[in-house]
Amino acid sequence: MQQGLRSSIETLRQKGELLEIKKAVDVRYVTPLLWQTEKALHFQNIKGYDAEMVGGLVVDRSRAAALLGCRLDGLAQRFLEGVNCPIQPVLVKESPTLEVIQDRSDLSVLPIPFMHDKDGGPFLTSAMVVSKDPKYGRNVGIYRLMYRSPNELSVDLKSHSDLRTFYERALHEGRPLPVAAILGADYPDMLAATYKCPTGTDEYTIAGGLKGEPVPLVRCRKVDLEVPAYAEVIIEGELLPVGWTKDEGPFGDMSGVNGGLKYNPIFRVTAVSHRRRPILHFLKMPRENNWCHGPAIEGAALRALQNARIDVAAINATQGGMCYWELIASIRKRPGEGKNALAALLSVAEVKLAIVTDDDIDIYDREDVAWAMALRVQADRDLVVIPGTRGKHLDPSAQMIGEGEAALPVSARLGIDATIPEGVSRSRYERVAPAFLSSVRLEDYLGSGYDRGPDPGRGKE
Amino acid sequence: MSAMPPAKGSDVETIANRIEAMLKQPVFFAQIMEGLEDCAYRSILLAWGEVRRRNELQRDQQGRYWVKAL
């Protein structure tokens, strides 16, 4: 039986990347404690709750690679292999998620954390929300959910998403949209849920592909939906056909800013079930949120470049760009392909800035990328701007277009071709190296007390 | 049946009243939490639901809450 979140916790524990806290901790202190360490924290004794909490699981590329079992520069390829080999989920009857079935729906039994000083309330940050549409079928995505009352959450549907599409179709017909929130998925599940696949693709099949085995699903009790059998908590309910009318946020979101007050739909809760002692996963914002989609964005970029028949060396959805808005790719270029690569990269999700370099550039080193941009780019021929494209509302500079609170974000996209220009010899970029470097050692001249120190590593991400 | 410990109803009512007193002027949710440091976290969540049930909460663009005076 797959263990979901618990398998991610165990992997990090074995690698020494997770600290266990057995001392009793109040829910309001879990976030400030998490911000004081780069390690993941597993709170095993939450005051007043028969539950545990974990946060900070995936905060950088090395953790993502550890949980996916691949090299640091292999996330895109690893993710795409899962996308290319989808595995249908299987229905099962037994599930630890059904160990405790509430006789009334009361979200307060869950330690939903109030996280940041300007947040509008406690938030569930790692919830995968599953829904179905008569035309498109099943969809799974990750959405923040704000606690409003024991049987009410609000969901942020300000940007384009399949869930928003499903909700708009239900709203048009004046009916509620049945949904279920899943807490306690594992890392491949979350990556699959963030992947921008064609509407109508079942993300459970991608999660299965990533894991190499089918996701076991169990039926919900009150809505016609299926959820992973290994989940920690299942919250069933419906998005009410009220539109963008209820106050939601602010929240310290994936962009690393406080966001603002929004008006969004309501998620009315009709059933809650959970493991006997559930572990609630809360994200260390913004970085853990970023790495819940980073490999999926890199995988989407790799697919777009392959479709454009580009020979790809490496891809980096940068941490500084929240693993979302900025992509850097190094390629083995043939004439003209710097721009082809930009066209492909700028088609991915809501990417705003794409940079293409040759394969001699270390795209995980900001200094090396800046060097390429300084010496290989001419602004009059190497910049591509696409105005008025789909954006993300969590970008404060995006323009909201449309009616009132249901308006959608629009952004411009910038591409920078930082490959060696056509007609310029690669030899013009030969790097300086000292003569006789391998013949002498500084230690031999300064004595045995000299400490060379760690390699500064320049601007490595 | 939930395995979680129940919160006492009277506690919730009392905390809801304290929150309503704070909401006479615009406050961030963090200020409400700071004002209730002596209360159990779960009781605050329940009380917050009770406050929402009793009132139509007002918000400003910064996200502060308050209750309109009758």
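A:Asp368 is buried, with a relative accessible area of 3%, where buried means under 20% relative accessible area, exposed over 50% and partly exposed in between (1.4 Å probe, protein chains only). The model is a predicted one, in which local features need pLDDT of at least 70 and side-chain atom pairs count only at pLDDT 80 or more, while totals for chains, interfaces and linings use all residues. Residues are numbered from 1 along each chain as its sequence is written, chains are lettered from A and ligands numbered from 1 in the order in which they are written, and side-chain values use heavy atoms, leaving out hydrogens and water.

**The partner of A:Asp368**
- A:Asp368 forms a salt bridge with A:Arg431, the closest N and O atoms being 2.9 Å apart; a salt bridge is a side-chain nitrogen of Lys or Arg within 4 Å of a carboxyl oxygen of Asp or Glu.
- Because A:Asp368 lies in helix α11 (residues 366–376) of chain A and A:Arg431 in the loop between β24 (408–418) and α13 (443–446) of chain A, the pair ties together parts that are 63 residues apart in sequence; helices (H or I, at least four residues) and strands (E, at least two) are DSSP runs, numbered from the N terminus.
- A:Arg431 is partly exposed, with a relative accessible area of 36%.

**Other salt bridges**
- A:Arg381 and A:Asp382 meet through their side chains in a salt bridge (3.2 Å, N to O), in which A:Arg381 is partly exposed at 43% relative accessible area and A:Asp382 is buried at 5%.
- A:Glu232 and A:Arg275 form a salt bridge, with 3.3 Å between the closest N and O atoms, and both residues are buried.
- Over all chains, the structure holds 55 salt bridges.
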